[in-house]
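I opened my notebook to go through one structure, piece by piece. I wrote down what I looked up, in the order I looked.

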Amino acid sequence: MRSVGTLTRADLAETINRKMGLSRAESLDMVESILAKMCEAMSSGENVKISGFGSFILRDKKERIGRNPKTGVEVPITPRRVMTFRASQLLKDRIAKG
């Protein structure tokens, strides 16, 4: 695979194209469908778990008071939903091996 850089949708589609024999358009369509399904699930409040890879977890943060580090002025931080990613142990092990 690649040693340095960024993995893109096109790279994923290319891998599907090579391994599955689908056309480039079908492969890109498959990648887009998977990403759309993940976005749809998270938009509706669901976490997304991909076994052996990791979990995309949604968390609701409450309103709190923050501080501008430059001026020291306190400002309210509005409540919001954030997404975090937790890598599976399998992924962590594979990354550690390099």
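Entry one: a single residue. The model is predicted. I picked Ile57 and asked what it touches. Leaving out residues up to four places away in sequence, Ile57 touches Asn47, Val82, Met83, Thr84 and Arg86. I checked where Ile57 sits, and found it in strand E2. Then I looked at one partner, Asn47. Asn47 and Ile57 are 10 residues apart along the chain. Their C-alpha atoms are separated by 4.9 Å.

Entry two: the sheet around E2. In which order do the strands of the open sheet run? I read E1-E2-E5, three strands with antiparallel pairing. Strand E1 (48-50) and strand E5 (80-87) are the edge strands. Each of these two pairs on one side only.

I followed E1 along strand E2, which covers residues 54-61. Three bridges link E1 and E2 in the antiparallel sense.

Which strands does helix H2 touch? Helix H2, residues 24-43, packs on the sheet and touches E1, E2 and E5. I took its direction against that of E1 and got about 140 degrees.

I moved on to strand E3 (residues 64-67) and strand E4 (residues 74-77). They run antiparallel, and four bridges join them. I wrote down two bridge partners. Gly66 has Val75 in E4 as its partner. Arg64 has Ile77 in E4. The hairpin of E3 and E4 has six residues between the strands. In this hairpin I noted Gly72, which takes a positive phi near 80 degrees.

Rolling a probe the size of a water molecule over the atoms shows where empty space is left. I looked up the second largest pocket. How much space lies in it? I found about 240 Å³. Its lining is made of Gly52, Phe53, Leu91, Arg94, Ile95 and Gly98. I sorted the lining by class: three nonpolar, two polar and one charged residues.

I ended with the whole chain. Which domains does the assignment give? Domain 1 is 1-44 and domain 2 is 47-97. How far apart are the centres of domain 1 and domain 2? Taken over C-alpha atoms, 24 Å separate them.

Note on methods
Residues are numbered from 1 along each chain as its sequence is written. This is a predicted model: local features need pLDDT of at least 70, side-chain atom pairs count only at pLDDT 80 or more; totals for chains, interfaces and linings use all residues. Side-chain values use heavy atoms; hydrogens and water are left out. On a 1 Å grid over the protein atoms alone, a cavity is a set of points where a 1.4 Å probe fits but cannot get out, and a pocket is an open set with protein on both sides within 12 Å along at least five of seven lines; lining residues have an atom within 4 Å of a point. Grid points are joined across faces, edges and corners, and a volume is the space filled by probe spheres set on the points. Ala, Val, Leu, Ile, Met, Phe, Trp, Tyr, Cys and Pro count as nonpolar, Asp, Glu, Lys and Arg as charged, and the others, Gly among them, as polar. Domain bounds come from an automatic or database domain assignment. Two strands pair if DSSP finds at least two bridges between them. Contact means heavy atoms within 4.5 Å. Axes are lines fitted to C-alpha atoms, for helices over the stretch in contact, and angles run from 0 to 180 degrees between N-to-C directions.
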